[in-house]
Each structure stands twice: as C-alpha cells, then as structure tokens.
Amino acid sequence: MVTAKDIIEVAKNAKLDSDVDFDNFDVDKKIMEQGVDSLDFTKLLFEIEDTFEIEVPDEDYNAKTWDTINKIVEKVNALKVGN
C-alpha cells in the first residue's frame, strides 16, 4: 500500500525544477498551489509510474485528477490493485 510519505519521497528524489519544500507539503492542498508547475507535475507522474510500476491511462494524465498528494495515493493504489 502506497502512502503519502512514499509519494513525497518520490517527489523529493524526482529532481523537479520547482523549488518546493516537500517536508512541509500539505497532502490535502492542491500541489499546483504549493509551487509545483505543470512541467514538474508531468515529471512527477512519470517518476511515480516508474517507481511504483504502474501506467497512468492517457485520459487520466492531468493535474485535475491528481491534484493533491492524497488523491495521488488513492490513484496509485487503485492502479496497483488493477495490475
């Protein structure tokens, strides 16, 4: 089971261009409102796919669906169950 802490660790190691303090990240607040830009959001999703060995469907690849850390956790866990 993937946790918010797991996702934050992936984000810390993803070498994002945005200067984001993931140690103080609010897991229920939209990630774009916390300093992650659209390019880094895409990088983060690629990193999540690689780390957790999942594939995000193309139609699901958007910041509205994956807009908080907790939503990302839910989506990753659902995709892992489907594999």
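I take helices (H or I, at least four residues) and strands (E, at least two) as DSSP runs, numbered from the N terminus.

**Setting up.** I am working on a predicted model, where local features need pLDDT of at least 70, side-chain atom pairs count only at pLDDT 80 or more, and totals for chains, interfaces and linings use all residues. Residues are numbered from 1 along each chain as its sequence is written, and side-chain values use heavy atoms, with hydrogens and water left out.

**Fold.** I looked up the elements and found 3 helices and 0 strands in the protein chain. The pattern along the sequence reads α-α-α. The radius of gyration (over C-alpha atoms) is 12 Å, close to the 12 Å from the globule rule (2.2 Å times the number of residues to the power 0.38) for 83 residues, so the protein chain is as compact as a globular protein of that length. Along the principal axes, the C-alpha atoms fill a box of roughly 35 × 25 × 20 Å.

**Inside.** I checked burial next (buried means under 20% relative accessible area, with a 1.4 Å probe, protein chains only). Of the 83 residues, 40% count as buried.

Leaving out residues up to four places away in sequence, Ile7 touches Val2, Ile48, Phe52, Ile69, Ile72, Val73 and Val76.

Technical notes: Buried means under 20% relative accessible area, exposed over 50%, partly exposed in between (1.4 Å probe, protein chains only). Contact means heavy atoms within 4.5 Å.
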